[in-house]
Amino acid sequence: MKDFAIFYHTCDKYSDLWEHFCFFFLKYWPEFDGTIYINSENKDFNYPGLNIVNLKVGLCDFSEREIRGLKKVKEDNILLMMDDLFLMGYVDNESVDAYYEYFKSANLDSLVFRKFPTFTTTIPTNFRQAEVVVPPSIDMFSSQLAFWKKDVFMSLLNPADGPWEMEWFGAMRANLSHLKLVCTAENIIPSLPEGGLHIGKWVPEMIQFLEKEHYDKIDIEKRGKYVPVPSNFKKRIKFQLRNYFSASRFSIIKLLWNNRKYYWTR
């Protein structure tokens with residue numbers, strides 16, 4: 001029995017994905033014998049062959065939902081998975097266990113199964129393709145597939161933040177708190193890094209995968225197909241203004257002030 005749990009962060013609005021996530025999870029990771037915590041709001045869900053716990057945290061904002069769900073998780077360590085992160089090939093279970101043991105033995109805060117281009121400075125380790133990420137980076141905290149110490153992940157959340165603010169300000173907190181983060185480009189849990197949806201619509205790579213799998217249980221037209229659109233200047237300004245007046249911005253200023261000696265003496 002694994003001593004880490006899957007924390008499946010989702011909401012009832014995306015409950016149409018749960019069955020499909022579980023289908024590919026069971027198909028491509030049959031060796032997994034741990035718990036999958038579904039961070040639902042009010043819905044119940046079960047899937048034969050998987051040990052699923054419905055957290056049912058009630059209606060609340062995005063980051064508050066994460067915090068409420070994580071508080072109900074019994075395990076100290078989690079493997080974070082998005083609701084649209086469908087497995088696309090067989091998971092190397094032995095390698096996952098090996099990386100998890102390394103995560104624990106090295107006393108890491110997080111081990112992310114992706115090497116972001118923004119990880120501009122990394123230090124190779126003596127374990128496989130694991131590299132220590134040297135901050136700062138705008139991706140020091142994200143919703144990507146990763147092992148996390150549960151309490152550390154929670155400490156980087158602000159209940160007031162939405163999904164975009166969570167990553168934006170969470171990364172700032174992670175940089176300021178000197179997060180012990182390791183990344184790996186080793187593809188031992190095959191999936192699309194950003195997930196199968198973008199802004200709630202199916203991305204072309206996921207549609208191609210579903211067609212290749214001859215999986216016809218999804219009506220693609222219900223959510224629609226994502227089509228890239230040119231960057232919208234007004235939306236960018238709106239996003240920046242929303243961040244400027246966010247409650248998280250003031251907590252970041254406080255963190256900077258508390259860390260002033262560290263940065264002034266570097």
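This is a predicted model: local features need pLDDT of at least 70, side-chain atom pairs count only at pLDDT 80 or more; totals for chains, interfaces and linings use all residues.
**The cavity**

- The residues that line the largest cavity are Ser110, Val112, Phe116, Phe119, Asp139, Met140, Phe141, Ser142, Gln144, Ala146, Trp148 and Leu181.

**The largest pocket**

- The largest pocket comes in at a volume of about 1,400 Å³.
- It is lined by 38 residues, and the closest to its centre are Met82, Ser143, Pro163, Trp164 and Glu167.
- Which elements supply at least two residues of this lining? They are α2 (62-72), α5 (163-176) and β10 (197-198).
- Helix α5 gives the most to the lining of the largest pocket, with seven residues.
- By residue type, the pocket lining splits into 18 nonpolar, eleven polar and nine charged.

**The nonpolar cores**

- In soluble globular proteins, nonpolar side chains tend to be buried together.
- Here the largest nonpolar core has 53 residues, with Phe25 and Leu79 making the most contacts inside it.
- Elements that give two or more residues to this core are β1 (4-9), α1, β2 (35-38), β4 (77-82), α3 (93-105) and α6.
- Of these, α1 gives the most to the core, with six residues.
- Leaving out residues up to four places away in sequence, Phe25 touches Ile6, Pro30, Phe32, Ile36, Leu50, Met81 and Leu87.
- Another core, of 31 residues, lies apart from the largest one, and Leu80, Phe116, Leu179 and Cys183 are among its members.
- Phe116 also turns up in the lining of the largest cavity.

**Helix α6, one face in and one face out**

- Which residues of α6 (residues 204-212) are buried? They are Met206, Ile207, Phe209 and Leu210.
- Looking down the axis of α6, you'll see its buried residues fall within an arc of 160°, so they line one face of the helix.
- An α-helix has 3.6 residues a turn, so residues three or four places apart point the same way.
- Over on the other side of α6, Gln208, Glu211 and Lys212 are exposed.
- What do the buried residues of α6 pack against? Their partners are α1 (18-28), β11 (201-202) and α7 (220-223).
- After α6 comes His214, which has a positive phi, near 55°.

**A look at Glu221**

- Glu221 lies in helix α7, one of the elements that the buried residues of α6 pack against.
- Buried or exposed? Glu221 is exposed, with a relative accessible area of 57%, so it clears the 50% cut-off for that label.
- Glu221 and Lys201 are 20 residues apart in sequence, while their C-alpha atoms are 9.1 Å apart in space.

**The whole protein**

- In total, the protein has ten helices and eleven strands.
- Of its 266 residues, 53% are buried.
- Take the contacts with a separation of 6 or more: residues 24 or more positions apart account for 73% of them.

Terms used: Residues are numbered from 1 along each chain as its sequence is written. Side-chain values use heavy atoms; hydrogens and water are left out. On a 1 Å grid over the protein atoms alone, a cavity is a set of points where a 1.4 Å probe fits but cannot get out, and a pocket is an open set with protein on both sides within 12 Å along at least five of seven lines; lining residues have an atom within 4 Å of a point. Grid points are joined across faces, edges and corners, and a volume is the space filled by probe spheres set on the points. Helices (H or I, at least four residues) and strands (E, at least two) are DSSP runs, numbered from the N terminus. Ala, Val, Leu, Ile, Met, Phe, Trp, Tyr, Cys and Pro count as nonpolar, Asp, Glu, Lys and Arg as charged, and the others, Gly among them, as polar. Buried means under 20% relative accessible area, exposed over 50%, partly exposed in between (1.4 Å probe, protein chains only). The arc is that of the directions from the helix axis to the C-beta atoms. Contact means heavy atoms within 4.5 Å. A nonpolar core is a set of buried Ala, Val, Leu, Ile, Met, Phe, Trp, Tyr and Cys residues joined through side-chain atoms within 4.5 Å.
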